[in-house]
Amino acid sequence: MKQILFLFIFITIISKCYSQKELDSIVNKGTAALGIDVLVNIFYIDDIKLSSDAEALLTGSKGVYDIYLRKNLTIKEAEMAICHELIHIYQFETKSLIKKTNGIVIWNGASYSYNDIPYEDREWEAEAFSNGMKLF
Ligand SMILES: [Zn+2]
């Protein structure tokens, strides 16, 4: 029983040990698959205030983006979070999603007030989840 517990802890620690290089490689494979030419930097969230239980945060525009990941993610969780954010980058690059500075979002040509739509009702999120899973 004790050995199984140690094995579990060992696997958990190992699954959270991965290099920046591995994350960059995930980004490169993802952008190549999506056919977008962008620069994506990966950072970790330490003191950035992150809403709810989100695993990642995306900033940037026009070809240059930063993805912030939670620090304790496993490699699979990190990969999944990156795939999700890459779909958002694709949405921005193809202008299916445009974020205005005044809290207005243009999604497929229609204008929405960002804060009026709950996270789970945002169509661009639904797309990022389904296409992000395919990319993953
Ligand atoms: Zn999202």
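Which helices do the buried residues of H4 pack against? Some notes on that, with the overall picture on the way.

1. First, the caveat: this is a predicted model. Mean pLDDT for the protein chain is 91, and 95% of the residues score at least 70. Of the elements, helix H4 (residues 123-135) has the highest mean pLDDT, at 97, while helix H1 (residues 2-15) has the lowest, at 85.

2. On the layout: the protein chain has four helices and six strands, in the order α-α-β-β-β-α-β-β-β-α from the N terminus.

3. If you take contacts between residues at least 6 apart in sequence, 57% of them join residues at least 24 apart.

4. Now H4 itself. Its 13 residues span 18 Å from first C-alpha to last, close to the 18 Å expected at 1.5 Å a residue. Ala128, Gly132 and Leu135 are the buried ones. Looking down the axis of H4, you find its buried residues within an arc of 55°, so they line one face of the helix. The general rule behind this: an α-helix has 3.6 residues a turn, so residues three or four places apart point the same way.

5. Back to the opening question: the buried residues of H4 pack against helix H2 (20-34) and helix H3 (75-93). On the face turned away from that buried side, H4 carries the exposed residues Ala126, Ser130, Met133 and Lys134.

Terms used: Residues numbered from 1 in each chain as written. Predicted model: local features only at pLDDT ≥ 70, side-chain atom pairs only at ≥ 80, totals over all residues. Helix = DSSP H or I, 4+ residues; strand = E, 2+ residues; numbered from the N terminus. Contact = placed C-beta atoms within 7 Å. pLDDT = per-residue confidence, 0-100. Expected span 1.5 Å × (residues − 1). Buried ≥ 20, exposed ≤ 12 C-beta atoms within 10 Å, placed from the backbone. Arc of directions from axis to C-beta.
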